[in-house]
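Please read them with the model open.

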Amino acid sequence: MVTFLDVATWLAQIVMFVLLGLLVSPQRLLSSIVPAVIVALVLMLVARPLAVFLCLAPFRFNWREKIFIAWTGLRGAVAIFLASIPMLVGLSKAYLYFDVAFVVVIISLLLQGWTLAAAARRLHVALPRADRGPRRVELDLPGQLEQQLVGYPVRAKSLYFRRGLIPSWSKPTLVIRDQRILSPAEADPVAAGDYIYLLAPPEKAESLDRFFVDMAPSSAPDPHLLGDFTVTGEVTLGDLAATYGVTADAEQSKLTLADYFDIHLDHAPKEGATLALDPIVLVARSISGGRVNVVGLRLPEEEEDAAPSTRRARFKRKLSEMWTSVAGI
């Protein structure tokens, strides 16, 4: 069902863009290309950034995040469709609205769309890529058996293939290799490229995904995003305040960093969640059991003059010492 709807959606988009393209006249675009480009540049470089900075002023967004949000104002098919309505009802000079909207959308997609990833990396707001789960085939077995038959392709870099790990509550039932159906004993050892089917309880079937996804090599996180140093979630605010001058009143000084996230976040903590703790920002680096167990310490933004840079260097050295003595990692 999901696959069919996905294909139907793409087909509808293709048909829509073809129909919209029939309304475009290259000769007519040439006469309005200059004002259309000016409109596009004003929207991207003046109007949207100004609106974003004004709307986000009351909220806790730093200047990097505001600039990135201002740059992500992509225009698409909806703008072109709305601009085609005057043409459908026969308004005077209706083609001008459509031509301007068409040029704005093209420039937005080419300039902003192609540079989103680079802008996110440049502004240090790009989160680590989340691994997509492997394609899973599920079959409900009729009768009294409360199990689900789940199939996975065996990948060369998967946890199952490299370490032979599999949960005790799952049971391999058959292996498909070179269009032949084999029992687990006949297929032993399982090779990369095989397709393996396992029996698992329905409520735990999704937990098998992590055993069959490729194990990505570890990479150093962006310090601007996840913090320059890390400490455990059991470090108290009092420890930070006593050693590094972090602002914390007497009531909060006994709270651990994990407790601080639980109290001040209005949702369950997730990796990358941030909380301001002057003059630093706390970043949730790792979650375990619904609580933050590793916290990153993001340093203040570096100013243009030399004096703040020196203070930042001293503050960074202090945090490095704390990271070594308190975190113990």
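1. Helix H1 covers residues 2–21 and helix H4 residues 77–89; they pack at an angle of about 45°, with their axes 11 Å apart. Axes here are lines fitted to C-alpha atoms, for helices over the stretch in contact, and angles run from 0 to 180 degrees between N-to-C directions. Helices (H or I, at least four residues) and strands (E, at least two) are DSSP runs, numbered from the N terminus.

2. This is a predicted model, in which local features need pLDDT of at least 70 and side-chain atom pairs count only at pLDDT 80 or more, while totals for chains, interfaces and linings use all residues. Residues are numbered from 1 along each chain as its sequence is written, and side-chain values use heavy atoms, with hydrogens and water left out.

3. H1 passes H4 in a left-handed crossing; that is, the near helix is turned anticlockwise from the far one by less than a right angle, whereas clockwise would be right-handed. From H1, Met16, Phe17 and Leu20 meet Ala77, Ile80, Phe81 and Ser84 of H4, contact meaning heavy atoms within 4.5 Å. The residues of this contact of H1 with H4 comprise six nonpolar, one polar and no charged. In this count Ala, Val, Leu, Ile, Met, Phe, Trp, Tyr, Cys and Pro are nonpolar, Asp, Glu, Lys and Arg are charged, and the others, Gly among them, are polar.

4. Is serine 84 buried or exposed? Serine 84 has 3% relative accessibility and therefore counts as buried (under 20% relative accessible area; exposed is over 50% and partly exposed in between, with a 1.4 Å probe and protein chains only). Not counting residues up to four places away in sequence, serine 84 touches Leu20, Leu23 and Phe98.

5. Helix H2 (residues 26–55) packs against H5 at an angle of about 55°, the axes being 8 Å apart. H2 is therefore oblique to H5, and the crossing is right-handed. Among the residues that meet are Ser32, Ala36 and Leu43 in H2, and Phe98, Phe102 and Ile107 in H5. The contact of H2 with H5 divides into 17 nonpolar, three polar and two charged residues.

6. The structure holds two aromatic pairs. One is phenylalanine 98 with phenylalanine 102, a stacked pair at 6.3 Å centre to centre and 20° between the planes. Rings of Phe, Tyr and Trp (its six-membered ring) pair if their centres lie within 6.5 Å; planes under 30 degrees apart count as stacked, over 60 as edge-to-face and the rest as tilted. Both phenylalanines lie in helix H5 (residues 94–112), four residues apart, about one turn of the helix. Phenylalanine 98 is buried, at 0% relative accessibility.

7. Tyrosine 195 and tyrosine 197 also pair: their ring centres are 5.6 Å apart and the planes stand at 40°, so the pair is tilted. Tyrosine 195 is partly exposed at 23% relative accessibility, whereas tyrosine 197 is buried at 15%.

8. Alanine 191 sits in the loop between helix H8 (184–187) and strand E5 (195–200), and is partly exposed at 30% relative accessibility. Its C-alpha atom is 8.1 Å from that of alanine 156, 35 residues apart along the chain. Leaving aside neighbours within four places in sequence, alanine 191 is in contact with Val154, Phe161 and Arg177.

Terms used. Angles under 35 degrees count as roughly parallel, over 145 as roughly antiparallel, 65 to 115 as roughly perpendicular and the rest as oblique.
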